[in-house]
Amino acid sequence: MNAAIIKTVVLLIASNVFMTLAWYGHLKHAHTRAWYVAAIASWTIAFFEYMMQVPANRIGYTVFSLPQLKIMQEVITLSVFVPFSIWYMGQPLKMDHLYAGLCLLGAVYFTFRG
């Protein structure tokens, strides 16, 4: 497999772990604090997201089209978010989530075909 593809995927996964923690982690741990405390903590975590997201997009753009790169990003985002939502935040998994995932697979198919 192409090294640029591997680097892109690994960086996008790592970036999304930080993004998910930055955007949603405060809902579990800092929900009783002022919103600006959560915002400062989130932006601190988001710095690391951007330090991986920007190179991932730059590397990925050498081997993927822009729509392919965006669809891959969205699939990775949800692949990180779903386990986080279930195991970390204790949210239930519903059949509608499965149907939404199947729609994403359709988006991947149409974006990457041909």
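An α-helix has 3.6 residues a turn, so residues three or four places apart point the same way.

The model is predicted, so local features need pLDDT of at least 70 and side-chain atom pairs count only at pLDDT 80 or more, while totals for chains, interfaces and linings use all residues. Residues are numbered from 1 along each chain as its sequence is written, and side-chain values use heavy atoms, with hydrogens and water left out.

Helix α1 covers residues 3–29 and reaches 38 Å from its first C-alpha to its last, close to the 39 Å expected at 1.5 Å a residue, where the expected span is 1.5 Å times one less than the number of residues. At tryptophan 23, α1 bends by about 45°, the bend being the angle between axes fitted to the seven residues ending there and the seven starting there.

Serine 42 lies in helix α2 and counts as buried because its relative accessibility is 13%. Leaving aside residues up to four places away in sequence, serine 42 touches Ala22 and His26, a contact being heavy atoms within 4.5 Å.

The chain as a whole has four helices and zero strands, assigned as DSSP runs (H or I of at least four residues for helices, E of at least two for strands) and numbered from the N terminus. Further values for the protein chain are set out below.

| Property of the protein chain | Value |
|---|---|
| Box filled by C-alpha atoms, along the principal axes | roughly 50 × 35 × 20 Å |
| Buried share of the 114 residues | 25% |
| Share of contacts with a separation of 6 or more that join residues 24 or more positions apart | 85% |

About 370 Å³ of space lies in the largest pocket. On a 1 Å grid over the protein atoms alone, a pocket is an open set of points where a 1.4 Å probe fits, with protein on both sides within 12 Å along at least five of seven lines, and lining residues have an atom within 4 Å of a point. Of the 17 lining residues, Leu78, Phe81, Val82, Leu93 and His97 are the closest to the pocket centre, and the elements giving two or more residues to the lining are α3 (66–88) and α4 (95–112). The lining divides into eleven nonpolar, five polar and one charged residue.

Notes:
Grid points are joined across faces, edges and corners, and a volume is the space filled by probe spheres set on the points. Ala, Val, Leu, Ile, Met, Phe, Trp, Tyr, Cys and Pro count as nonpolar, Asp, Glu, Lys and Arg as charged, and the others, Gly among them, as polar. Buried means under 20% relative accessible area, exposed over 50%, partly exposed in between (1.4 Å probe, protein chains only).
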